[in-house]
Amino acid sequence: MKVLILAALLCMYSAVTHAVTLPAPVSNSTASSTAEGLLPAEHLGQCPSGWFKKGSRCFLMVTSKKTWKDAVKHCVGQQGSLASVQSSDEYNFLQTMVTLSGQSSAWIGGFYFQGAWLWIDSAGFYYTNWHTQNNVYAYPCLKLNSNGGWSNRRCRTICAFICARILSC
């Protein structure tokens, strides 16, 4: 039990002492960063190589364009998911990532299902930042726009995307 408490305290300490926002990452690769889809070992409380920290999560901007469904698969292969957006501060960070990567938009993990907007990572859909909202049945997938807000589009559209993963301890 003491070991678990110590590990939790070390994780919290690391998260607090390393809570620095870094420049936005860009990845052109659709392949994993190492053989067989495994990410390199990271230091306690730090993001893997190519990922950038914001709060308690790591984010990866992938500029190779995929459908929403294929972007979901890619992020899962990177031990993450398409990014949910939980606050205006997080939105601004992700918008900067998209802008600095030279993209006009990027898939995020929002989708419309049975009358509600949901996040693919099961986070609560409490923060919104709509630029435009189209017919939800024809356009059930979300993309973040570099010029502001997000919009829903057809999931078969190809687009760059942002993966997210929880900072590991």
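The model is predicted, so local features need pLDDT of at least 70 and side-chain atom pairs count only at pLDDT 80 or more, while totals for chains, interfaces and linings use all residues. Residues are numbered from 1 along each chain as its sequence is written, and side-chain values use heavy atoms, with hydrogens and water left out.

**Entry 1, strand pairing.** I looked up the partners of strand 8 (residues 150-153) and found that strand 6 (residues 130-132) runs parallel to strand 8, joined by 2 bridges. In this pairing threonine 132 stands opposite serine 151. Strand 7 (residues 141-145) runs antiparallel to strand 8, with 4 bridges, and here leucine 144 stands opposite tryptophan 150. Strands 7 and 8 form a hairpin with 4 residues between them, and I noted that glycine 148 in the turn has a positive phi of about 125°.

How many salt bridges does the structure hold? I counted 3, taking a salt bridge as a side-chain nitrogen of Lys or Arg within 4 Å of a carboxyl oxygen of Asp or Glu.

One of them joins the side chains of aspartate 89 and lysine 54, at 2.8 Å from N to O. Aspartate 89 lies in helix 3 (residues 88-100) and lysine 54 in strand 1 (residues 52-54), so the pair ties together parts that are 35 residues apart in sequence. I checked exposure as well (buried means under 20% relative accessible area, exposed over 50%, partly exposed in between, with a 1.4 Å probe and protein chains only). Aspartate 89 is partly exposed at 44%, whereas lysine 54 is buried at 12%.

Between glutamate 90 and arginine 57 the closest N and O atoms are 2.4 Å apart; glutamate 90 is in helix 3 and arginine 57 in strand 2 (residues 57-66), 33 residues apart. Both of these residues are buried, arginine 57 with a relative accessible area of 10%.

For aspartate 121 and arginine 57 the closest N and O atoms are 3.5 Å apart. Aspartate 121 lies in the loop between strand 5 (116-119) and strand 6, so its pairing with arginine 57 in strand 2 ties together parts that are 64 residues apart in sequence. Aspartate 121 is partly exposed, at 28%.

Conventions: Pairing = 2+ DSSP bridges.
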